[in-house]
Amino acid sequence: MKYKHYSPKTKCILVKMDSMQIEKVNNLIQQNDNCCVLGFAEDRQYINVSDEMFISLGSKENLEEISSNIFSSLRRVDKSGCNLAIIEGVNEKNLGLSIMNRLIRACEYNIEWFLDKNVEKCWEY
């Protein structure tokens, strides 16, 4: 039997990394009640949630730290009592590819990204 990784019971949306990632995260926060954010330490000051609803994955410059924090952070999502978890994605290179693979599966393939200057919502299956 194939080993099943932990996935939170809370609905999660992964925001792919691009130049407007923080803006997209904040738009999702405004559109949804009772959200928590799994994000990067460097971005904390720009994300509009309370400290209790921000779960740091670590520094976006340290993929090893993010990798080691993924499962504990996903478990904290369910303990937070939020209705939606918004997760900042990383660049899909080297270790980042493995991290994104894990986050995509945790989000059950719910991925948000920009197609142009307007916010577009896309579900990838």
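Q: How many salt bridges does the count come to?
A: A salt bridge is a side-chain nitrogen of Lys or Arg within 4 Å of a carboxyl oxygen of Asp or Glu. By this rule there are three salt bridges. The model is predicted, so local features need pLDDT of at least 70 and side-chain atom pairs count only at pLDDT 80 or more, while totals for chains, interfaces and linings use all residues. Side-chain values use heavy atoms, with hydrogens and water left out, and residues are numbered from 1 along each chain as its sequence is written.

Q: Which residue forms a salt bridge with Glu92?
A: Glu92 pairs with Lys16, and their closest N and O atoms are 3.3 Å apart. Helices (H or I, at least four residues) and strands (E, at least two) are DSSP runs, numbered from the N terminus. Glu92 is in the loop between β4 (84–88) and α3 (95–106), and Lys16 is in the loop between β1 (11–15) and α1 (21–31), so the pair links distant parts of the chain, 76 residues apart.

Q: Where do Asp43 and Lys60 lie?
A: These two form a salt bridge with the closest N and O atoms 3.0 Å apart. Asp43 lies in the loop between β2 (35–40) and β3 (54–58), and Lys60 in the loop between β3 and α2 (63–80), so the pair ties together parts 17 residues apart in sequence.

Q: Is Asp43 buried or exposed?
A: Buried means under 20% relative accessible area, exposed over 50%, and partly exposed in between (1.4 Å probe, protein chains only). Asp43 counts as buried because its relative accessibility is 3%.

Q: Which side chain meets Arg44 in a salt bridge?
A: The side chain of Asp51 does, at 2.8 Å from N to O. Asp51 is exposed, with a relative accessible area of 58%.

Q: Which residues line the second largest pocket?
A: On a 1 Å grid over the protein atoms alone, a pocket is an open set of points where a 1.4 Å probe fits, with protein on both sides within 12 Å along at least five of seven lines; lining residues have an atom within 4 Å of a point. Here the lining consists of Met17, Lys60, Glu61, Leu63, Val90, Asn91 and Lys93. Lys60 also takes part in the salt bridge with Asp43.

Q: What pattern does the protein follow along the sequence?
A: The pattern is β-α-β-β-α-β-α-β-β, with three helices and six strands.
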